[in-house]
Amino acid sequence: MSVAVQIEHLSKEYKLGVVSYGTLQQDMQSRWARFWGKEDPNSILQPHLSDKTDGTVLQSTESRKNSILALNDVSLTIPEGETLGILGANGAGKSTLLKILSRITAPTTGRVIIKNRIASLLEVGTGFHHEMTGRQNVYLNGAILGMRRSEINRKFDAIVEFSGVGDFLDTPVKRYSSGMYVRLAFSIAAHLDAEILIIDEVLAVGDSAFQQKCTEKMRQLASDEGRTVLFVSHNLESVRRLCRRIIILSQGKMVLDSSDTEEALRQYENMIFV
């Protein structure tokens, strides 16, 4: 089976409470290291620095106090047609992983190889212009996701019908509820001819009937059209219905990768209710 996404030793470091590394000297050290392709002396991803005793280690130690690893050495192979559930508590690294896969942010170390086009829905209203109508935003959001105008024209009626916001299509979306936002946004992403569909927790703002409708749509895309679906949700029943494989993230690390979804869900429930 062909591989849709290959993730190799992926790590993402964020600085807490500072812009860049906090001092001009540290910023210059880091940029100079990147320019020459060397290790960043201010990164917490350089464990060998703890063995040094010169002045640099003091800066590095201080830098580590202001750093967090949102992802820590995550490796994963996702075949085409996979329906992958990504679970974890808040702050586990789920959204960071999806943002890297969607090319919204870059990893600190490691690499991601993606062979096909991606449609992602990560936050309610992303890619929408509040002053534009729903109709105008179908074209705007579709263009952002990589759809040609002719493609949007061809799928326009199906997008509107699935979203259920036809009565409000010529209303500015600033007057939409969050549920209406996500209905329209999901419908656009689902009708894009992308081989990989990435959905974050945004479906939680919709009603239960629409959540089930979206789950069935994603299942159809995976089973009938061979699409790859990456799904983040705290709704374990939706994950159970859709996903055939589950990974669990904890503090940036992947602690479980299993095709036994029931066992994976049981372990996750044990983790969150301990």
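Mentor: A salt bridge, as the term is used here, is a side-chain nitrogen of Lys or Arg within 4 Å of a carboxyl oxygen of Asp or Glu. Please keep in mind throughout that we are looking at a predicted model.

Trainee: What makes the pair of Arg-135 and Asp-170 a salt bridge?

Mentor: The closest N and O atoms of Arg-135 and Asp-170 are 2.8 Å apart, and since the limit is 4 Å, the pair qualifies as a salt bridge. Arg-135 belongs to helix 4 (residues 134–144), while Asp-170 sits in the loop between helix 5 (149–163) and helix 6, so that the pair, 35 residues apart, links distant parts of the chain.

Trainee: Why are Arg-135 and Asp-170 put into exposure classes with separate names?

Mentor: Exposed requires over 50% relative accessible area, buried requires under 20%, and partly exposed covers what lies in between. Asp-170 has 52% and therefore counts as exposed, whereas Arg-135, with 32%, is called partly exposed.

Trainee: How do you know whether Glu-82 and Arg-245 are buried or exposed?

Mentor: I set their values against the cut-off for buried, which is under 20%. Glu-82 has a relative accessible area of 14% and Arg-245 has 9%, so each of them meets the criterion for buried. Glu-82 and Arg-245 also form a salt bridge, with 3.0 Å between the closest N and O atoms. Because Glu-82 lies in the loop between strand 2 (67–79) and strand 3 (83–87) and Arg-245 in strand 8 (residues 245–250), the pair ties together parts that are 163 residues apart in sequence.

Trainee: How many salt bridges does the rule give, and where in the chain is the pair of Arg-240 and Glu-237?

Mentor: The count comes to 14 salt bridges. Arg-240 and Glu-237 meet at 3.0 Å, N to O, and both lie in helix 8 (residues 236–242), 3 residues apart, which is about one turn of the helix. Arg-240, at 28%, and Glu-237, at 38%, are both partly exposed, because these values fall between the cut-offs of 20% and 50%. Elsewhere, salt bridges that share partners join Arg-117, Glu-151, Lys-155, Asp-193, Glu-225 and Arg-227 into one network.

Trainee: Why are helix 6 and helix 7 called roughly parallel?

Mentor: Helix 6 (residues 178–191) and helix 7 (residues 208–225) pack at an angle of about 5°, with their axes 11 Å apart. Angles under 35 degrees count as roughly parallel, so the two helices are given that description. The contact is made by Val-182, Arg-183, Phe-186, Ala-190 and His-191 of helix 6, together with Phe-210, Cys-214, Lys-217, Met-218 and Leu-221 of helix 7.

Trainee: What makes helix 3 mostly covered?

Mentor: In helix 3 (residues 94–101), 6 of the 8 residues are buried, namely Lys-94, Thr-96, Leu-97, Leu-98, Ile-100 and Leu-101. In the loop between strand 3 and helix 3 there is Gly-88, whose relative accessible area of 1% falls under the 20% cut-off, so Gly-88 is buried as well. Leaving aside residues up to four places away in sequence, Gly-88 touches Lys-94, His-234, Leu-249 and Tyr-268.

Trainee: How do you know that Arg-103 and Gln-251 are exposed?

Mentor: Arg-103 has a relative accessible area of 58% and Gln-251 has 69%; exposed means over 50%, so both qualify. Arg-103 is found in the loop between helix 3 and strand 4 (109–114), and Gln-251 in the loop between strand 8 and strand 9 (253–258). Although neither is a glycine, each has a positive phi, about 65° for Arg-103 and about 50° for Gln-251.

Trainee: Which residues make the nonpolar surface patch, and why is Phe-273 called exposed?

Mentor: Val-255, Met-271, Ile-272 and Phe-273 make a nonpolar surface patch of about 410 Å². Phe-273, in the segment after helix 9 (261–272), has a relative accessible area of 66%, and because exposed means over 50%, the word applies to Phe-273.

Definitions and conventions. Residues numbered from 1 in each chain as written. Predicted model: local features only at pLDDT ≥ 70, side-chain atom pairs only at ≥ 80, totals over all residues. Heavy atoms only, no water. Patch = residues over 30% accessible without salt bridge, like charges linked within 9 Å, V, L, I, M, F, W, Y side chains within 5 Å. Areas by Shrake-Rupley, 256 points an atom, 1.4 Å probe, with all protein chains shown as cover. Helix = DSSP H or I, 4+ residues; strand = E, 2+ residues; numbered from the N terminus. Buried < 20%, exposed > 50% of the residue type's maximum accessible area, 1.4 Å probe, protein only. Axes fitted to C-alpha atoms, helices over the stretch in contact; angles between N-to-C directions. Parallel < 35°, antiparallel > 145°, perpendicular 65-115°, else oblique. Contact = heavy atoms within 4.5 Å.
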